[in-house]
Amino acid sequence: MAVPKNALKKWEKVREFALGLPGAAEEFPWGESVAKVNKKVFVFLGVDDGSYPLGVTVKLKDEETHAHALTCPGAEPAGYGLGKAGWVRVPLAEKGAPHADLLCDWVEESYRVIAPKRLIADLEAR
């Protein structure tokens, strides 16, 4: 399956943003890209090889933000029971999918939920 250019550009921007956050590191459990902070995942990035539709999965604790994310085309609570804890999967190739800037805002919110206070302080000092 070919990866739509627009979706890939969003994915690359979100990945770059996530890995630029204080203490963030990329790992590949299950063969998929994730960004972690303090050994905990704050965004699931999936794969960019076209074997699965591009999307990002973030943890959104703010009720309004969580509800907004679920209104995006194709968005759904994350699988494996993660949806119950506030995780939302947002596909990137759907018509009307969120812009990269909004996705980066959601990645930052997810990071703030997961990251230790000292790293959040580093982020705020930037």
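Analyst: Contact means that heavy atoms lie within 4.5 Å of each other. The model discussed here is predicted. By that cut-off, and leaving out residues up to four places away in sequence, Val43 touches Ala18, Val34, Ala35, Val56, Thr57, Val58, Trp87 and Val107.

User: What makes Thr57 count as buried, and which residues is Thr57 in contact with?

Analyst: Thr57, which is found in strand S4 (residues 55-59), has a relative accessible area of 9%. Buried means under 20%, so Thr57 is buried. Apart from its neighbours within four places in sequence, Thr57 is in contact with Phe42, Val43, Phe44, Ala78, Trp87, Val88 and Arg89.

User: Why is the pair of Phe44 and Trp87 called edge-to-face?

Analyst: Two values have to be set against the rule. The ring centres of Phe44 and Trp87 are 5.2 Å apart, and a pair requires centres within 6.5 Å. The planes of the two rings make an angle of 70°, and since angles over 60 degrees count as edge-to-face, that name follows. The count by this rule comes to three aromatic pairs, and ring pairs link Trp30, Phe44 and Trp87 into a cluster.

User: What does the pair of Phe44 and Trp87 tie together?

Analyst: Phe44 belongs to strand S3 (residues 40-46) and Trp87 to strand S6 (residues 87-91), so the pair ties together parts that are 43 residues apart in sequence. Each of the two residues also counts as buried, Phe44 at 18% relative accessibility and Trp87 at 6%.

User: How do you know that Cys104 is too far from Cys72 for a bond?

Analyst: A disulfide needs two cysteine sulfur atoms within 2.5 Å, whereas the sulfur of Cys104 is 14 Å from the closest cysteine sulfur, that of Cys72, which is too far for a bond. Accordingly, the structure holds zero disulfides, and Cys72 is in none. The two residues count as buried, with relative accessibilities of 10% for Cys72 and 6% for Cys104.

User: Why are the buried residues of H4 said to line one face of the helix?

Analyst: In helix H4 (residues 117-125) the buried residues are Leu119, Ile120 and Leu123. Seen down the axis of H4, these buried residues fall within an arc of 105°, so they line one face of the helix. An α-helix has 3.6 residues a turn, so residues three or four places apart point the same way. The face of H4 turned away from the buried side carries the exposed residues Lys117, Arg118, Glu124 and Ala125, while the cover over the buried residues includes strand S2 (33-37) and helix H3 (100-114).

User: Which residues have the most contacts inside the largest nonpolar core, and which element supplies the largest share of this core?

Analyst: The largest nonpolar core has 36 residues, and those with the most contacts inside it are Phe42, Val43, Trp106, Val107 and Tyr111. Helix H1 (5-19), S2, S3, S4, S6, H3 and H4 each supply at least two residues of this core, and the largest share, six residues, comes from H3.

User: Why are S1 and S5 called edge strands?

Analyst: The open sheet of six strands has the order S1-S2-S3-S4-S6-S5, with antiparallel pairing. Strand S1 (24-27) and strand S5 (76-77) each pair on one side only, and they are the edge strands. To count as a pair, two strands need at least two bridges between them, and S1 and S2 are joined in the antiparallel sense over four bridges.

Terms used
Residues are numbered from 1 along each chain as its sequence is written. This is a predicted model: local features need pLDDT of at least 70, side-chain atom pairs count only at pLDDT 80 or more; totals for chains, interfaces and linings use all residues. Side-chain values use heavy atoms; hydrogens and water are left out. Rings of Phe, Tyr and Trp (its six-membered ring) pair if their centres lie within 6.5 Å; planes under 30 degrees apart count as stacked, over 60 as edge-to-face and the rest as tilted. Buried means under 20% relative accessible area, exposed over 50%, partly exposed in between (1.4 Å probe, protein chains only). The arc is that of the directions from the helix axis to the C-beta atoms. A nonpolar core is a set of buried Ala, Val, Leu, Ile, Met, Phe, Trp, Tyr and Cys residues joined through side-chain atoms within 4.5 Å.
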